[in-house]
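These are my notebook entries on a structure that is new to me. I set down what I looked up, in the order in which I looked.

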Amino acid sequence: MHRPALFLLMSVLVLSPQTWAADLSVTNAWVRATPPGKLMTAAYATLQNTSNETLVVTGVTSDVTEYTSVHETLIDRDRATMRPVQQLTLNAGERTDLAPGGTHIMLMKLSEPLTDAQSIDICFTLENNKSVCNEFSVTKHHASMKHH
Ligand SMILES: [Cu+2]
């Protein structure tokens, strides 16, 4: 008997479209202004899975370059190197910080420099094919870069 299950699924679809859209909360979103002469930079944010299911971020896109990806920073003999991350998994309720020195969003081959007071859109593609977009403000020095 599949009817009760179907009915339940439909109720969920009808009742919580808002909740679905907001499964991934993106706060504290900022991009470092491009250094002089460079057309690449990184973006940071606090991501939180506000749903009660595992969320998988399978990609990122931005409106300023098609070369946008998630990177992680590895320390190899005192040298920081970066490598692309295929996906980011957030367990139910989990919060993660994309922060300098750690996982970040890499923006490469920008067509123009990004300067202070500008803002750009970055979207996270989720495994369920939904995407969550958020405004990231460009700044040289981020005010809330303090240790907790
Ligand atoms: Cu990087």
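I begin with a term: I call a residue buried if 20 or more other C-beta atoms lie within 10 Å of its own, exposed if 12 or fewer, and partly exposed in between, with the C-beta atoms placed from the backbone. A nonpolar core is then a set of buried Ala, Val, Leu, Ile, Met, Phe, Trp, Tyr and Cys residues joined through C-beta atoms within 7 Å.

I note that this is a predicted model, in which local features need pLDDT of at least 70 and side-chain atom pairs count only at pLDDT 80 or more, while totals for chains, interfaces and linings use all residues. Residues are numbered from 1 along each chain as its sequence is written.

Entry on the core. I looked up the largest nonpolar core and found 23 residues in it, of which W30, V31, A43, A45, I105 and F136 touch the most other members. Two or more residues come from each of β1 (24-32), β2 (41-49), β3, β6 (88-90), β8 (104-108), β9 and β10. Helices (H or I, at least four residues) and strands (E, at least two) are DSSP runs, numbered from the N terminus. Of the 148 residues of the chain, 18% count as buried.

Entry on W30. Leaving out residues up to four places away in sequence, I find W30 touching A43, Y44, F136, S137, T139 and H142, where contact means C-beta atoms, placed from the backbone, within 7 Å.

Entry on the order of elements. The chain has 2 helices and 10 strands, and from the N terminus on I read them as α-α-β-β-β-β-β-β-β-β-β-β.

Entry on pairing. Which strands pair with β3? I count two strands as paired if DSSP finds at least two bridges between them. Strand β3 (residues 55-62) pairs with β9 (residues 119-126) in the antiparallel sense over 5 bridges, and V60 stands opposite F124 there, while S62 has I122 as its bridge partner. Strand β3 is also joined to β6 by 3 bridges, again antiparallel, with V57 opposite L88.

Entry on the hairpin. Strand β9 runs antiparallel to β10 (residues 131-139), joined by 7 bridges, and C123 stands opposite C133. The two strands form a hairpin with 4 residues between them, and N129 in the turn has a positive phi of about 70°.

Conventions: Two residues are in contact if their C-beta atoms, placed from the backbone, lie within 7 Å.
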